[in-house]
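Work through the exercises below with the sequence and the model open. Try each task before reading its solution.

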Amino acid sequence: MRFDGELDAGDTSFENDLLAAASSGARAVVVDMRRVSFVDSAVVRALVVAHRTLTSTGGWLRVVYTHHLIRRVIDLCGLSELLPQYSSIESALRGTVAALPATESALQQNRR
């Protein structure tokens, strides 16, 4: 699934498409958000609901994004472990999480 632009609570198509994919019986869903420049908490909530739906049946959801603001929102929500960053579709399919920059890695270590 690929999305573009800014995603927020007013964009119900994102949530509807995501939840339909998660509920379709699929075992794996990769959400490509490399062309997304903004998300709000409603988008993060939809990702969490889709993640829970898929993992409850043994599947998985992986999110591909590169924009620092998306990472920031996910981190602020405390969901960086549940929704780790994948830098490409290929890395998401392999399960290879993107490396954190050194400063962010140190910050996350201090939070634990």
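**Exercise 1.** In which helix is Ser-91 placed, and is Ser-91 buried or exposed?

Solution. Step 1: Ser-91 sits in helix H4, residues 89–94. Helices (H or I, at least four residues) and strands (E, at least two) are DSSP runs, numbered from the N terminus. The model is predicted: local features need pLDDT of at least 70, side-chain atom pairs count only at pLDDT 80 or more, and totals for chains, interfaces and linings use all residues. Residues are numbered from 1 along each chain as its sequence is written, and side-chain values use heavy atoms, with hydrogens and water left out.

Step 2: Ser-91 counts as buried because its relative accessibility is 3%. Buried means under 20% relative accessible area, exposed over 50%, and partly exposed in between (1.4 Å probe, protein chains only).

Step 3: The side chain of Ser-91 reaches the backbone nitrogen of Ser-87 at 3.4 Å. A polar contact is a pair of N or O atoms within 3.5 Å; within protein, one must be able to donate a hydrogen and the other to accept it, and residues adjacent in sequence count only if both atoms are side-chain atoms.

Step 4: Not counting residues up to four places away in sequence, Ser-91 touches Tyr-86 and Thr-96. Contact means heavy atoms within 4.5 Å.

**Exercise 2.** Where is Ser-88, and which residues does Ser-88 touch, not counting residues up to four places away in sequence?

Solution. Step 1: Ser-88 is in the loop between E4 and H4. Step 2: its relative accessible area is 17%, so Ser-88 is buried. Step 3: with residues up to four places away in sequence not counted, Ser-88 touches Arg-34 and Val-64.

**Exercise 3.** Describe the sheet and the helix that packs on it.

Solution. Step 1: The sheet is open and has 4 strands in the order E1-E2-E3-E4, with parallel pairing. Its edge strands are E1 (2–7) and E4 (85–86), each of which pairs on one side only. Two strands pair if DSSP finds at least two bridges between them.

Step 2: Strand E3 (residues 60–64) runs parallel to E4 and is joined to E4 by 2 bridges. Val-63 has Gln-85 in E4 as its bridge partner.

Step 3: Helix H3 (residues 68–76) packs on the sheet and touches strand E2 (28–39) and E4; the direction of H3 makes about 110° with that of E2. Axes are lines fitted to C-alpha atoms, for helices over the stretch in contact, and angles run from 0 to 180 degrees between N-to-C directions.

**Exercise 4.** Which residues of H1 are buried, and what do the buried residues of H1 pack against?

Solution. Step 1: H1 has 12 residues and reaches 16 Å from its first C-alpha to its last, close to the 16 Å expected at 1.5 Å a residue. The expected span of a helix is 1.5 Å times one less than its number of residues.

Step 2: Phe-14, Leu-18, Ala-21 and Ala-22 are the buried residues of H1. They lie on the same side of H1, because they cover an arc of only 100° around the axis. The arc is that of the directions from the helix axis to the C-beta atoms. An α-helix has 3.6 residues a turn, so residues three or four places apart point the same way.

Step 3: The buried residues of H1 pack against E1, E2, H2 and E3. Gly-25 follows H1 and has a positive phi, near 95°.

**Exercise 5.** Which residue caps the N-terminal end of H2, and what do the buried residues of H2 pack against?

Solution. Step 1: The 15 residues of helix H2 (residues 41–55) should span 21 Å at 1.5 Å a residue, and the end C-alpha atoms are 21 Å apart, which agrees. Step 2: The cap is Asp-40, with a side-chain oxygen 3.0 Å from the backbone nitrogen of Ala-42. Step 3: Buried residues of H2 include Val-43, Leu-47 and Leu-54. The buried residues of H2 pack against E1, helix H1 (12–23), E2, E3 and H3.

**Exercise 6.** Where does Tyr-65 lie, and is Tyr-65 buried or exposed?

Solution. Step 1: Tyr-65 lies in the loop between E3 and H3. Step 2: at 2% relative accessibility, Tyr-65 counts as buried. Step 3: Tyr-65 and Met-33 are 32 residues apart in sequence, and their C-alpha atoms are 4.9 Å apart in space.
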